[in-house]
Amino acid sequence: MSFPATRLRRLRRTPALRGLVRETHLSPSDLIQPLFVTAGAGVREEISAMPGISRFSITEAVDEAGEIHEAGVAAVLLFGIPADKDEAGSGAYDDEGIIQMAVRAIKEAHPDLTVITDVCLCEYTSHGQCGFIRDGEVDNDVTVELLSKTAISHAEAGADIVAPSDMMDGRVGSIRYQLDEEGHTGVAIISYAAKYSSAFYGPFREAADSTPQEGDRHGYQMDPANGDEAVREARLDLEEGADALMIKPASHYLDIVRRVKDDTGAPVAAYQVSGEYSMLKAAASNGWLDEQRSVTEALVSMKRAGADFIVTYYAKEAALWLA
Ligand SMILES: [Zn+2]
């Protein structure tokens, strides 16, 4: 017998052969585009650390959502930047709040576009923390009540999916119970099951104007050193009624995506965060990386790790490349 009998290069020889044995496929319907909606009118303001990504006032957000939908992207994930902030983040659960108005406007203009809303308080609190502060700490159970009110108001505005990103304990169960009580049994929950306390969120905080005034978020977001804990978080969220689980960030947490997928079998999302986007954009704009190839490779690696879908600031652009 000649050596070697098995030659894996045989099936790498031509594009057609490589296509036959490709294990992972990326399509626009795997992608979700985050969208920053701000108070005011006529606003289309690029975020300096995220070239290509802007904050939009509602009319402009509706137009942008139309382009995203047209590109074949599966859904938009809305983040709100309100005109006013207060201690209790009351803009988050105001029926006339920025997100509630944006959801109504987008669903009216593009009824077939799936609309997901971020459920958190940090964009709405004057102190920038993700919850209600009592005795110098974010109070878990009071925050969960406010988050549940927020989720219901988003559902009432027409959101298809709510996505709590706060990392309070018990919030998925409370949101599920209260949505059902209010008749929103069909509104799904994507929980940020494992949201790490990451330095890679930096550009987002400029975009959403949500930098904590004091301290950090280590008291509720996860320690990047932990993996077992992510699996426990994921199991708890499923028990509480989560329909899909999000891992955030993505690139440096692909092991977590795989572990959560293998352990739960539930739909898993990876969130390619602002810092991951900004690094790729910066390198590409300097001519150091081929943007299309490097971004596609990053997104494929998330799916290969076990993600069913991906939240990425590149969603619209990548969908156009894939078309
Ligand atoms: Zn938050």
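User: What are H2 and H3 to each other in this model?

Analyst: Two packed helices are described by the angle and the distance between their axes. H2 and H3 are oblique to each other (neither under 35 degrees, nor over 145, nor from 65 to 115), because the axes of H2 (residues 58–70) and H3 (residues 98–109) cross at roughly 45 degrees, on a scale from 0 to 180 degrees between N-to-C directions of lines fitted to C-alpha atoms over the stretch in contact. These axes come within 9 Å. The model is predicted, and local features need pLDDT of at least 70, side-chain atom pairs 80 or more, while totals for chains, interfaces and linings use all residues. Residues are numbered from 1 along each chain.

User: Which residues of H2 and H3 make the contact?

Analyst: On H2 they are Ile58, Ala61, Val62, Ala65 and Gly66, and on H3 they are Met101, Ala102, Ala105, Ile106 and Ala109 (backbone-placed C-beta atoms within 7 Å).

User: Is Asp135 buried or exposed?

Analyst: Asp135, a residue with a positive phi of about 50 degrees although it is not a glycine, is exposed, with 5 other C-beta atoms within 10 Å (12 or fewer is exposed, 20 or more buried, in between partly exposed).

User: Where does a cis peptide bond join Phe3 to another residue?

Analyst: That bond joins Phe3 and Pro4, with omega about -10 degrees, and Pro4 lies in the segment before helix H1 (15–20). The bond from Lys248 to Pro249 is cis, with omega near -5 degrees.

Terms used: Helix = DSSP H or I, 4+ residues; strand = E, 2+ residues; numbered from the N terminus. Contact = placed C-beta atoms within 7 Å.
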